[in-house]
Amino acid sequence: MPFTAVPIVINNYYTDAVSSDSTIGFLIGEIRVFVVNEFLSMGITCKAIFFRRFSVVVGLSLVLLAGCSTDKKEFEDDGLNVTVTEPVERDFEQIEEEGVLRMITRYSSNTYFLHQGMEWGFEYELVNEFAKEHDLALEVIVVKPDENPYDLLNSGEGDVIAANYTITTVRQRYVDFTQPYNLVNQVIVFSDDIEDPPQKIEEIVQRNIPITVRSNSSYYHRLGDLKEAGYPLNVDLVPNEKDTESLLFDVSQGEYRATVADDNIFQASDNYMNGLVRGPVIADSDTIAWAVRKNADDLKQKMDDFLYKHFRLGEGDEEPKRSAFLNVLRRRYFERGPQIAEYYDSGSLPEGEGVISPYDDLFKRVADSAGIDWLMIAAMTAQETKFNPKSKSWAGAIGLMQVLPRYSEVPEVKMLYDEETNVREGVRIISEHLAHYSYMDSTNQWQFALAAYNAGQGHVADARRLAIDFNKNPNEWEAAADALIKLMDRQYYRNARYGFCRGIETVLYVQEIMNRYKTYQSILAMTDKETTGSGPGVLGIFN
């Protein structure tokens, strides 16, 4: 007899099976589902699901889940706390026009972090590779404790969430996902304070070991699935601001008895945290992907094409196929790379190492005396030399902030290799540029000052005059930036007082410093909220 679609929950996905046969069976991965329509004689939609998870040690090889419902299962509270559900209209065309891709992520050893002042992270490097392929600058938006990544995405503040996210049905209510770029298993992780840590779900239930997770994690929903399957697990919830990495640290310190983590994250953490013991797998082959707005079809397609070059699922039991680039990233961030070692071991950092760079104290001292923001000096120095005090450019610019000797007031050129002398000279020069544009609002003031620091005030003046020729406001950086790019064209620079200007370099210079400055602000804001002893990093992986 005919019947309607039966909703079936498989590994956090909904599948609608429609059939007029008495029994249908289909295989998805390692899960075999049989829908038995004899239950329909009751006059309502019922389902019986038998599944076998070969890698999960649960004692029973077959588990029967049976239930009756008239609608698809919905969570009363999905734990994501999303307030912006209608995405703005911003697809790849708008991103390309602006020239900036905005990546939303967390500050962690896996996703994005600073090492000696420079940007690192598996997600950061992978997204940056995509951005470079499409000639886009990458702006990193680090999610603050009081912010929601889904709201940032759908409001247009960012364009992609790259934070080691598992694809789940709950998340798919608000966002779309790209093709996956990793497969992971969810594992229980115990404190080594637990005697004879159990390796079966039944033993965890029998011993009533509390498992501590966040309600907005995929782990919470997986534990909920197990509870519905008949395993009355003791689940302990912590605030959603708590991330996987810091939970693992707390477990290693004995503050919690157990938590859940993806196996690759556990592997990376176990290299540098003592006191962790791996337990049973509770979900295998979860797919990890980037999240984009539901209406960003072109962006999703381009990201799918990019990721397909680097990651392809194998057939059957075959291992996924990964590109050489992706394998390098996996070794760097999930095995033992020097950046990760120093991220976890703050005691190994040089004396005076700051949150942002090795020169935080110096930047603060010099910038404060000049009355300017030290974070902007840090962002400039990262752009100029990646904090290398011995750097010298082809044009003769020297030291941390690439000071040109002809603009310096120090008596000997070699003095510019001294870190403090160089920073004082750099701060003096940028302060003079800021004073020159003091009648502007602070954002435009900094943008014009940075452009002058990079290209010289003469070229900036040419660009402003050209902006006037096009009936644009010469006091708006956007108009001046467009004019700077025009000064690479002979029909414009031949009439300019200072001639040809490699304007695109200056525009990108300003853009990247301003983007990095905002990222530094977010990181610093989170360190101010970080509780003492909360472990490595600031805020980390939200799976």
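Good morning. The structure under discussion is a predicted model.

With that definition in place, I turn to helix 12, residues 374-385, and helix 14, residues 442-455. Their axes lie 13 Å apart, and the two helices pack at an angle of about 35°. The crossing of helix 12 past helix 14 is right-handed. On the helix 12 side, the contact involves M376, M380 and E384; on the helix 14 side, these meet W446, L450 and Y453. By class, the residues of this contact comprise five nonpolar and one charged, with no polar residue.

W446 lies in helix 14. Is W446 buried or exposed? The relative accessible area of W446 is 12%, and the cut-off for burial is under 20%; W446 is therefore buried. Leaving aside residues up to four places away in sequence, W446 touches I372, M376, M380, I430 and L434. Between W446 and S431, the C-alpha to C-alpha distance is 9.9 Å, at a sequence separation of 15 residues.

Two of the residues touched by W446, I430 and L434, bring us to helix 13, where both are buried. Helix 13 covers residues 419-436, that is, 18 residues. Which helices do the buried residues of helix 13 pack against? They pack against helix 11 (residues 360-370), helix 12, helix 14 and helix 15 (residues 457-469).

I now move to the strands. Strand 13, residues 182-191, has eight of its 10 residues buried, and is therefore largely enclosed by the rest of the structure. Strand 13 pairs with strand 17, residues 276-292, in the antiparallel sense over eight bridges. Strand 13 is also joined to strand 16, residues 258-262, by five bridges, and this pair likewise runs antiparallel. Q186 has a bridge partner in each of these strands: A283 in strand 17 and D262 in strand 16.

Finally, the chain as a whole. The protein chain contains 18 helices and 19 strands. Of its 543 residues, 54% count as buried. Among contacts with a separation of 6 or more, 66% are between residues 24 or more positions apart. Thank you.

Methods
Residues numbered from 1 in each chain as written. Predicted model: local features only at pLDDT ≥ 70, side-chain atom pairs only at ≥ 80, totals over all residues. Heavy atoms only, no water. Axes fitted to C-alpha atoms, helices over the stretch in contact; angles between N-to-C directions. Helix = DSSP H or I, 4+ residues; strand = E, 2+ residues; numbered from the N terminus. Left-handed = near helix turned anticlockwise from the far one by under 90°. Contact = heavy atoms within 4.5 Å. Nonpolar A, V, L, I, M, F, W, Y, C, P; charged D, E, K, R; others polar. Buried < 20%, exposed > 50% of the residue type's maximum accessible area, 1.4 Å probe, protein only. Pairing = 2+ DSSP bridges. Expected span 1.5 Å × (residues − 1).
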